[in-house]
Amino acid sequence: MTELAFTCTGVRADPYAAGPTLVFRLRITATSKEPQEPQEPVHALALRCQIRIEPARRGYEDREAAGLADLFGERSRWGTTLQPVQFAQVPLMVPGFSGETETDLVVPCTYDMDIAATRYFAALEGGEAPLLMLFSGTAFTGAGGFRVHPVPWDREATCRLPVEVWREMIEQHFPGCGWIRLPRDTMDALLAFRSQHALPSWEATLRALLEESAAAAPRSPARPAPRILPGSAAVPPRVTERTAT
């Protein structure tokens with residue numbers, strides 16, 4: 001049997017991808033379980049990689065904690081609510097090698113703020129996001145012919161994703177912008193409003209709706225002055241122990 005070990009040596013944003021994409025650099029080492037056994041070549045690896053965020057493995061400033069409140073609640077509850085968050089699950093085919101090899105793990109990402117992982121990264125102002133990479137799959141090994149055996153479920157690697165890398169990736173595809181997912185009927189209503197008012201962009205459409213909402217908001221009525229009947233004197237305020245001082 002061949003013993004496999006995984007190490008993440010770095011992560012970068014792919015500047016040429018069609019959408020937001022992270023590229024993790026993996027080092028894979030294959031050794032014999034028994035020291036006296038000869039090293040067998042690995043013909044191929046068919047891997048499944050699950051990546052999850054381990055939020056309890058870093059500290060957070062007050063502003064970051066406020067941005068994470070919708071995910072984990074108030075900071076006082078974090079002892080029980082700061083649980084791992086699913087980030088991605090991707091397949092990976094590794095070509096044959098002997099001893100050790102390096103390969104890229106390509107992970108497509110999203111800027112959908114309904115996704116918990118995206119909201120987590122957006123709330124961070126700096127530092128690194130702690131990730132855990134869990135591997136499973138099938139290994140094809142053997143010197144003469146090949147053997148097929150599963151990759152053990154306990155194979156894993158840690159990774160520290162710099163927040164700046166995430167921001168660089170998002171800025172490449174959504175410079176200075178956010179993204180909101182809306183139901184189709186809401187989009188149809190927004191499109192009708194935009195067409196009716198001949199608005200040039202979606203930003204102008206939303207601003208117009210906000211301005212209409214602000215203009216239609218009821219104002220608190222001014223308190224009327226007390227009415228004094230002709231020929232009557234104004235009643236002086238009653239002096240109490242509190243107002244006399």
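Author: Two strands pair if DSSP finds at least two bridges between them; helices (H or I, at least four residues) and strands (E, at least two) are DSSP runs, numbered from the N terminus. The model is predicted, so local features need pLDDT of at least 70 and side-chain atom pairs count only at pLDDT 80 or more, while totals for chains, interfaces and linings use all residues. Residues are numbered from 1 along each chain as its sequence is written, and side-chain values use heavy atoms, with hydrogens and water left out.

The open sheet consists of 3 strands in the order E1-E2-E5, with antiparallel pairing. E1 and strand E5 (100–108) stand at the edges, each with a single partner strand, so one side of each has no neighbour in the sheet. On average, neighbouring strands are turned by 25 degrees against each other, direction ignored; axes are lines fitted to C-alpha atoms, for helices over the stretch in contact, and angles run from 0 to 180 degrees between N-to-C directions.

E1 pairs with strand E2 (residues 21–32) over 11 bridges in the antiparallel sense. Ala5, for instance, has Thr29 in E2 as its bridge partner. Helix H5 (residues 163–173) lies across E1 and E2 and runs at about 60 degrees to E1.

Ala13 belongs to strand E1 (residues 2–13). Its relative accessible area is 8%, so Ala13 is buried (under 20% relative accessible area; exposed is over 50%, partly exposed in between; 1.4 Å probe, protein chains only). Not counting residues up to four places away in sequence, Ala13 touches Thr21, Leu22, Val165, Glu168, Met169 and Gln172, where contact means heavy atoms within 4.5 Å.
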